[in-house]
Amino acid sequence: MTALLEARHVTKRYGDNTALSGLSMAINTDRPSITAVVGESGSGKTTLARIILGLTPPSEGQVLYQGQDTAHLSGEQRRAFRRDVQAVFQDPYEVYNPFYRVDHVLTTPVRNFKLAATRAEGRRLIEQSLRAVGLRPEEILGRFPHQLSGGQRQRIMVARAVLMKPKLIVADEPVSMVDASLRATILGSLRKLTDEMGISIIYITHDLATAYQVSDNILVMYRACVAEAGEVERVVKHPEHPYTRLLISSIPKVSTTRDWLEDDGVEKVRALPGAHGCRFVDRCPVAMDRCATALPPLYRTEAQRATACFRYADSPELHAGAMDEVLAEAKAPTLA
Amino acid sequence: MNAILKVEGLCVAFDHPLGMVHAVDDVSFSLAANERLGLAGESGSGKSTMALSILRMIKPPGRILGGRVELDGVELSALDQEGMRRLRLAGIAMVPQGSMNSLNPVMRIQAQIADALADHGVKLGSGALEARVAELLRTVGLRPEVARMFPHELSGGMKQRACIAIAICLRPKVIIADEPTSALDVVVQRQVMETLARVQRDLGCAIILVGHDMGLMAQFVDRLGVMYAGRLVEVAPIGEIITRPRHPYTQALISSLPSLEARGTMQGIPGLAPLLRDLPPGCAFHPRCPMAEARCRTDKPAVRDVGPGQQAACHFA
Amino acid sequence: MQAVLRYLRRNLSLVLGSGLLLFLLAFIVVGHFIVDVEDARALSARPLQPPSWRYPFGTDRQGRDLLAVMVAGTPLTLRIGFIAGILGVGIGTVLAFVAAYYRGTVDTIIRGIADIGLTVPGLLILIIIAVSIRGGLTVNQMALVVASLAWLHPTRTIRAQVLSLRERGYVEIARMSGMSGPGIIFLELMPNLLPYLAATLVNAVSTAILASIGLEVLGLGPIDAPTLGMTLYWVNFNAAMINGWWWWWTAPTVIILLVFLGLFFVTVGLDEIANPRLRRSA
């Protein structure tokens, strides 16, 4: 069946800077799952989010919503697109209009998408969504944004996304500006949305650990390209791409073994990747000659794994449309 | 233990129209020379305010209500404005949060270091200055060419290391680093922390690392203090805190760190951090504590010794 | 209410400015009961009398009771200012929002016209317009003449504000919640700009009053109206200063001073509300 959302060879350039390069992926929502997109700043993950959400047009390539190019949607199709694909953004402060109470962000979609026939029904719908994310309506409604904590505000945003019963929610760093103790609760409610309400989620973050905890699949991005993709347990426990390995080993763990700090000395500087080489060649400990001259394609190393590294050139190349097969649903974890 | 920094009973409050807010409530700890002390806590715990108050950099409506701070035997509250100014950077240096964004965008790195030196009466001729700057940059792992660069030409990690270079230029006895890596990705974070460790070895100074990442604390500090609602609720060597945390909040904080071992094990702490101007009676953590009893609601637990070098503020520790 | 009073204690400018303006308002209202405004016309009293109990502000060369002139004229001057200011800011706001929200060609055109208009000396244009209107000007026509230029500056400054607000997170969320352009302008952007618009309005009124007084002093205003500016015109025409008839020019000058001081302090006060960075801590 047609995928809900598909990106075909999407490239985005800002002047000289390439933010995203030739990315193809598809999201099928008949099998709801959480896909994490992990990368550092500059990797292109936020650009990907904005392009999928239709907030920024791609420089090359297309984004298709149910087979139709999102750049050329009719008014009605656009409304359907807006209902099916929703977002939760990073900053729980900026997204609230300080002039209004928080009810405003919840009543606006109800009104614009005609989600309820009467005021009372709308109110019931809003209260239901708030409860679904673990908030008590009586503590939230009627308050101004500055009267609530960052964590509460972010959960209201999740409730807002859920109101429209979307098929896909794109969450861009939803917990990075929230206290550590609240992250589990918010991510837990996102997991519940997938397990109980069948909503697929794209979870964009720089935090590999939370991505591992809550997702089924993962896309690791580096400098505008996909470095590795696949089922999250495999990628994290047996990383293939040298960048993924570097990322995992750089995370400080809570343990009495202190092996994290090593003396690095002066920053190693190798020639920056040329226009056509692998993006990671200047930092890669196992770079070969080939890596500086050509960009590695994604090789399908396992049924549910693809890596863009010449070290795996023995495996078949991943055909552009097959990314969604790599990102198939896995066994869902249950969060405490 | 020869303490290079001793803090006793520090209290800092902010005047708010709805009442006084006690951001730092009776905090005491000591820092040995060459030691790495961590100060962990979430937003609103008072840790950044505490760091600023050691340097007497609290601005109205905040003020230091009381307490003593002693640096190498010198009582800091006895110093006048000028004395305190000379101490900042030369005695205690701070790398504040987001400092990489506070580098002067129109001055080269060398000029900014020269500024810091000149403010403390160290005026060097151009040759000597270049040599000093090159050495500082080498200590923090930056190439000498960086001296002539502007901040916007450096990456986030490099900027942060430049800030560390400014912080150490007068060889301080204590460096306070407030969330030095929160805006950086994990790979760069490790480089910056390695720099900090190397700097500490070279200078023989002590470091206070303020932050909320328990993993980072576990891998970097020697001792850890945990702050909640303005109070220091636990202090202990890091190994002890990881294996046997005594305060329920410390336990919860450690469990809330997402692990890379098994999925679906992430735990949060129920409830919300209390508003500092509206603290619950008794122990500030009791509404969220799984072990809370009647006495926790009425009696504020004092910080007690619960083991060698270990203190905790909990009735059950 | 408590919070309002507490705030007013901190924002002395607003209090002072409003106080001055309220005082003038009281002067006008009470004045209407004390004097007969007909006495503001020529030949109502013996000319050139210095202030006395009968005529507290004295009389001018044409026999006008100057107190009556002030009581009748001040509201006229203020009216010109307010009409021109409101029209100017009203037009400016609409143009600014359209330009800033939709960008593209519309923005270029509006911005271009405003920029060209701003470089030409305003008073010069007003003089040309006033001179070309056949017959005398009425007070309302005066207001329209000034309004014709009053929208230029507000358009630019409000546009700048809207441009920055447009990028805010809550605008994106509104878009994702199905809101359209006009909806976003009115429901999301406008409310946050109200303090700024209020400050701009007061500023525009101030400028408009100054422009109208300027035109009147030059003799281009409504000849028969006893406005403050026209009074000064007659002062010049009759060389009142040289002749020592100090009461004639003192009254209008003081009142003009009070008007501008009042408007200035209100602007400063509103600026503090509009720009949180200026707020001093409690």
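**Reading the chain contacts**

Author: Let's start with one pair of side chains: D222(B) and R258(A) meet in a salt bridge, at 3.7 Å from N to O. Keep in mind that this is a predicted model.

Reader: How many salt bridges does the rule find across the interface of chain A and chain B?

Author: A salt bridge needs a side-chain nitrogen of Lys or Arg within 4 Å of a carboxyl oxygen of Asp or Glu. By that rule, there are three across the interface of chain A and chain B. As for residue pairs in polar contact between these two chains, the count is 15, with both residues at pLDDT 80 or more.

Reader: Which elements of chain A give two or more residues to the side that touches chain B?

Author: They are α7 (180–197), α8 (208–214), α9 (232–237) and α10 (242–249) of chain A. The largest share comes from α7(A), with six residues. Sorted by class, that side of chain A has 22 nonpolar, 13 polar and 16 charged residues.

Reader: And what area is buried between chain A and chain B?

Author: Think of buried area as what two parts lose on being put together, summed over both. Here that comes to about 4,300 Å², and carbon and sulfur atoms give 57% of it. On the chain A side, V254(A), R258(A) and W260(A) lose the most area to chain B, together 16% of what that side buries. The contact takes 51 residues from chain A and 50 residues from chain B.

Reader: How many residues does the contact between chain A and chain C take from each?

Author: That one takes 23 residues from chain A and 14 residues from chain C. About 1,600 Å² is buried between them, with 56% from carbon and sulfur atoms. In chain A, E94(A), N97(A) and F99(A) lose the most area to chain C, together 26% of what that side buries.

Reader: Which residues form a salt bridge there?

Author: The rule finds one across this interface: R50(A) pairs with E172(C), and their closest N and O atoms are 2.8 Å apart. Chain A and chain C also have 10 residue pairs in polar contact, both residues at pLDDT 80 or more. On the chain A side, α3(A) gives the most, with five residues.

Reader: What about chain A by itself: why does its radius of gyration agree with a compact globule?

Author: Because a compact globule of 336 residues would have a radius of gyration near 20 Å, and chain A has 21 Å. Chain A holds 12 helices and 12 strands, and buried residues make up 56% of its 336 residues.

Key
Residues numbered from 1 in each chain as written. Chains lettered and ligands numbered in written order. Predicted model: local features only at pLDDT ≥ 70, side-chain atom pairs only at ≥ 80, totals over all residues. Heavy atoms only, no water. Contact = heavy atoms within 4.5 Å. Buried area = accessible area lost by both parts, 1.4 Å probe. Polar contact = N/O pair within 3.5 Å; in protein donor to acceptor, adjacent residues only side chain to side chain. Helix = DSSP H or I, 4+ residues; strand = E, 2+ residues; numbered from the N terminus. Rg over C-alpha atoms; globule rule 2.2 N^0.38 Å. Buried < 20%, exposed > 50% of the residue type's maximum accessible area, 1.4 Å probe, protein only. Nonpolar A, V, L, I, M, F, W, Y, C, P; charged D, E, K, R; others polar.
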